[in-house]
Amino acid sequence: MFKSLEERGVLSTRQHDALPELCTALNKSAKYMLEHLEQQMITAAFFDQLTLLTLGPQLRGGANVQKGSSAISQVFDVVYQIVNASVIRLEPRCIELKNNSGRTIYIQFSADPDIVIREELAPETYRNLVAIEVKGGQDYSNIHNRVGEAEKSHQKAKKDGYIECWTVVNVDRIDIEMARKESPATNKFYRISELLNQTSAEYRDFSLQILSIAGI
């Protein structure tokens with residue numbers, strides 16, 4: 001009877017009247033489950049996986065979103081480590097720094113693309129420097145779709161005036177030549193595993209590009 005509430009967010013009078021009973025039943029089930037788990041099993045990661053086991057394939061989309069968010073956060077952290085010395089303000093979704101010319105640079109989470117770097121020219125006036133699209137999926141067979149998604153995002157970013165468009169993937173075996181053909185709007189491709197390795201050539205290039213474009 002709660003299907004419309006779950007799928008469409010519609011709460012009927014009948015559903016509203018039955019909510020206390022639903023909550024009681026759910027809490028009893030949760031209590032029973034917790035009482036039968038070992039203490040060391042009760043972790044955030046365990047409950048993330050538990051949803052997949054109990055509710056099945058319909059929740060895999062949510063898991064994929066979580067993987068994507070995790071990958072974006074990893075790239076964001078790499079960028080922070082690179083610019084750390086010039087940071088003047090750090091928030092969960094935004095890094096603010098001063099460059100060598102005294103201008104303010106913002107590195108931010110964004111909806112589409114995932115991470116953007118912008119220079120403030122005047123209050124509420126920005127120069128769009130870099131758009132970074134992060135594809136966190138690890139399934140090699142789906143890499144063509146991910147590169148295609150990145151291309152759509154970067155075409156939009158180019159229209160918005162971004163100078164550089166970068167794509168970061170979570171698949172080590174990516175064919176870069178193939179990727180360049182399928183996403184001509186991407187100026188540079190990077191792999192997450194390489195960006196997490198500070199001795200790699202890709203990390204060095206990524207770092208130098210960030211420092212140069214940010215002007216620090």
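Colleague: Among contacts in the chain between residues at least 6 apart in sequence, what percentage join residues at least 24 apart?

Modeller: The figure is 41%, where contact means heavy atoms within 4.5 Å. The model is predicted, with local features needing pLDDT of at least 70 and side-chain atom pairs counting only at pLDDT 80 or more, while totals for chains, interfaces and linings use all residues. Residues are numbered from 1 along each chain as its sequence is written, and side-chain values use heavy atoms, with hydrogens and water left out.

Colleague: How many helices and strands does the chain have?

Modeller: Helices (H or I, at least four residues) and strands (E, at least two) are DSSP runs numbered from the N terminus. The chain has eight helices and seven strands.

Colleague: What percentage of the residues count as buried?

Modeller: Buried is under 20% relative accessible area, exposed is over 50%, and partly exposed lies in between, with a 1.4 Å probe and protein chains only. Here 37% of the 216 residues count as buried.

Colleague: In the largest nonpolar core, which residues touch the most other members?

Modeller: A nonpolar core is a set of buried Ala, Val, Leu, Ile, Met, Phe, Trp, Tyr and Cys residues joined through side-chain atoms within 4.5 Å. The largest one has 28 residues, and those touching the most other members are Ile107, Ile115, Val134, Val168, Phe206 and Ile210. Elements giving two or more residues to this core include helix 4 (60-83), strand 3 (104-109), strand 5 (125-135) and helix 8 (201-214). Helix 4 gives the most, with eight residues.

Colleague: Which residues is Ile210 in contact with, leaving aside neighbours within four places in sequence?

Modeller: Ile210 is in contact with Val79, Ile82, Val83, Ile117 and Trp166. There is also a second, separate core of eight residues, with Ile143, Val147, Val171 and Ala179 among them.

Colleague: How many salt bridges does the structure hold?

Modeller: Side chains of opposite charge can pair when their charged atoms come close. A salt bridge is a side-chain nitrogen of Lys or Arg within 4 Å of a carboxyl oxygen of Asp or Glu, and the structure holds eleven. One of them joins Glu202 and Arg191, whose closest N and O atoms are 2.6 Å apart. Glu202 lies in helix 8 and Arg191 in strand 7, so this pair ties together parts that are eleven residues apart in sequence. Glu202 counts as buried at 18% relative accessibility, and Arg191 as partly exposed at 23%. Elsewhere, salt bridges that share partners join Arg89, Glu91 and Glu96 into one network. Within it, the side chains of Glu96 and Arg89 meet at 2.6 Å, N to O.

Colleague: Are Glu96 and Arg89 buried or partly exposed?

Modeller: Glu96 counts as buried, at 12% relative accessibility, and Arg89 as partly exposed, at 30%.

Colleague: Which residue does Lys188 meet in a salt bridge?

Modeller: The partner is Asp205, at 3.5 Å, N to O. Lys188 lies in strand 7 (residues 188-191) and Asp205 in helix 8, so the bridge ties together parts 17 residues apart in sequence. Lys188 is partly exposed, with a relative accessible area of 23%, and Asp205 is partly exposed too, with 28%. Leaving aside neighbours within four places in sequence, Lys188 is in contact with Cys165, Trp166, Thr167, Asp205 and Gln209.

Colleague: Where does helix 2 bend?

Modeller: The bend at a residue is the angle between axes fitted to the seven residues ending there and the seven starting there. Helix 2 bends by about 45 degrees at Leu19, and a proline, Pro20, follows within four residues. The helix (residues 13-35) has 23 residues and reaches 34 Å from its first C-alpha to its last, close to the expected 33 Å. That expected span is 1.5 Å times one less than the number of residues.

Colleague: What does the side chain of Gln15 reach at 2.6 Å?

Modeller: It is the backbone oxygen of Met1. Gln15 is found in helix 2 and is buried, with a relative accessible area of 3%. Its side chain also makes a polar contact with the side chain of Ser4 (2.9 Å). A polar contact is a pair of N or O atoms within 3.5 Å; within protein, one must be able to donate a hydrogen and the other to accept it, and residues adjacent in sequence count only if both atoms are side-chain atoms.

Colleague: Which residue other than glycine has a positive phi, near 65 degrees?

Modeller: That is Glu124, found in the loop between strand 4 and strand 5. Glu124 is exposed, with a relative accessible area of 69%.
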